[in-house]
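Colleague: I'd like to learn how to read a model like this one, feature by feature. Can you walk me through it?

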Amino acid sequence: MMRRIDSAVLHEQNEKEFAFLQTDFNALGEKLSRDGIDIEAITKAAEAFQIAVPSWGTGTGGTRFARFPGQGEPRNIFEKVEDCAVINELSGCTDSISPHFPWDKVDDFSELKQHADAYGLKWVSVNSNTFQDQPGQAVSYKYGSLSNTEKASRDLAIQHNLDCIRYGQQLGAKSLTVWVGDGSNHPGQQHFQRAFERYLASAEQIYKGLPADWEMHLEHKMFEPAFYSTVIQDWGSSILAAMHLGPKCKSLVDLGHHAPNTNIEMIVARLIQFKKLGGFHFNDSKYGDDDLDSGSLQPYQQFLIFNELVDAEHRKESEFNPAYMLDQSHNVTDPIESLVTSAIEVQRSYIKALLVNREALYGYQEANDAIMASGELKRAFNFDVAPILAMARYRKGAAINPLKTYRAANYRNAMAPVRPRDPKATGSGII
Ligand code: AOS
Ligand code: ZN
Ligand code: ZN
Ligand code: ZN
């Protein structure tokens, strides 16, 4: 398999760290064994954990005010794949890419697939884009896409989603993620029911085009770009639409798309119960869709979400197979560093949730023993599982210390002359 990070550099860094890691791992193993937990089983689960990188996350994000791109950033989907390879080589837990069309411009899908195959990367959920007009587009999405009052705009949006399925099929993906910016900015501007009816009628056309083994994931978002109302504003509208469309349609939860303080873990539990949890866009936020690095602000909330996911796994819940993806905007960091860190933070939440003694927790719940129940969650959350995550990376040939290794490899500087920026570019391109 092809590699982007020099194996010698990675090996040298790992050698420096390994003795200390082994000591810490043994100490943690000893501690966990007192609770009846086998560190080897947990480490195997860490090795198996995977989360997808969004192709658009590999470039510097930005806001509607400005974007400050760094040097050596990927200029196209082929270069984005290369950076995804770096992220996976360092983290050992990101072996797939979630593409976004038409941001990812592709002439030859088999060439793109081969390029990713060479790095051992797979393609997962395809994201469509009907929230902005493309150059030369015959009709506009200014007043919405799937719910637009104009049939021609709706038809264009439907066709784009069907095209996305086709692109995804060529790459080996198995799901389509639909997020629309449709909504309104003024009270009275939009008839709520009619807009939702139009959305559903359009979505039916897309659903009909799904291959037998595909799923369609509807991503809700409370606001932005519409600031008064949004057609799929919350998990209520999303699950209603998913139930209306059929079993292959599920909801996708982007952590940043709720009002502050929303009990997201409970939404997750409800979606699991009704077989409607399609997947996640992980990120963190303080105000709303801030798309900050995962776990950077509310690691306990992220842990509580994984507590629900691990509980479903434990109960062997049927039709439970959510897709994990990151969806973040990196404005001031090197996107590779943020994505590696975030993937590991999500993995950390999963591993901590595995440390919860489920049967003990059920007992506390049945006995209404609130303090012991919450204490059981806190006990798991308070473990420092870093040695497990690092050992999982080491055993998979990834980096014990990903950021140190990345910086020692000098990857970004090496990319600067290889990927010169178009001096005429104004900062758009990767959003
Ligand atoms: C928009 O807020 C959503 O999070 C979507 O997932 C979107 O397609 C993605 O963030 C790219 O902008
Ligand atoms: Zn998202
Ligand atoms: Zn987001
Ligand atoms: Zn978002």
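Colleague: Which residues does Ala 157 touch, not counting residues up to four places away in sequence?

Modeller: Two residues are in contact if their C-beta atoms, placed from the backbone, lie within 7 Å. By that rule Ala 157 touches Thr 130, Tyr 141, Ser 145, Leu 146 and Ser 202. Before we go on, this is a predicted model: local features need pLDDT of at least 70, side-chain atom pairs count only at pLDDT 80 or more, and totals for chains, interfaces and linings use all residues. Residues are numbered from 1 along each chain as its sequence is written, while chains are lettered from A and ligands numbered from 1 in the order in which they are written.

Colleague: Where is the place of Ala 157, and is Ala 157 buried or exposed?

Modeller: Helices (H or I, at least four residues) and strands (E, at least two) are DSSP runs, numbered from the N terminus. Ala 157 sits in helix 5, residues 151–171. For burial, count the other C-beta atoms within 10 Å of a residue's own, again placed from the backbone: 20 or more is buried, 12 or fewer is exposed, and in between is partly exposed. Ala 157 is buried, because 29 other C-beta atoms lie within 10 Å. Its C-alpha atom is 9.3 Å from that of Gly 144, 13 residues apart along the chain.

Colleague: And how does Ala 259 count, buried or exposed?

Modeller: Ala 259 has 10 C-beta neighbours inside 10 Å, so it counts as exposed. Its place is in the loop between strand 10 (249–254) and helix 8 (264–273). From Ala 259 to Leu 271 is 12 residues in sequence and 18 Å in space, C-alpha to C-alpha.

Colleague: Where do residues other than glycine have a positive phi?

Modeller: Lys 275 is one of them, with phi near 60°. It is in the loop between helix 8 and strand 11 (277–282), and counts as partly exposed because it has 15 C-beta neighbours inside 10 Å. Asn 410 also has a positive phi, about 60°. You'll find Asn 410 in the loop between helix 14 (402–409) and helix 15 (411–418).

Colleague: Which peptide bonds are cis?

Modeller: Look at omega. A cis bond joins Phe 101 and Pro 102, with omega about 5°, and the bond from Glu 224 to Pro 225 is cis too, with omega near 5°. Pro 102 is in the loop between strand 3 (100–101) and helix 4 (109–118), while Pro 225 lies between strand 8 (215–219) and strand 9 (229–230).

Colleague: Which residues are around ligand 1?

Modeller: A residue is near a molecule if its C-beta atom, placed from the backbone, lies within 6 Å of it. Among those around ligand 1 are Trp 56, His 100, Glu 219, Asp 254 and His 281.

Colleague: How many helices and strands does the chain have?

Modeller: There are 15 helices and 12 strands, and 45% of the 431 residues count as buried.
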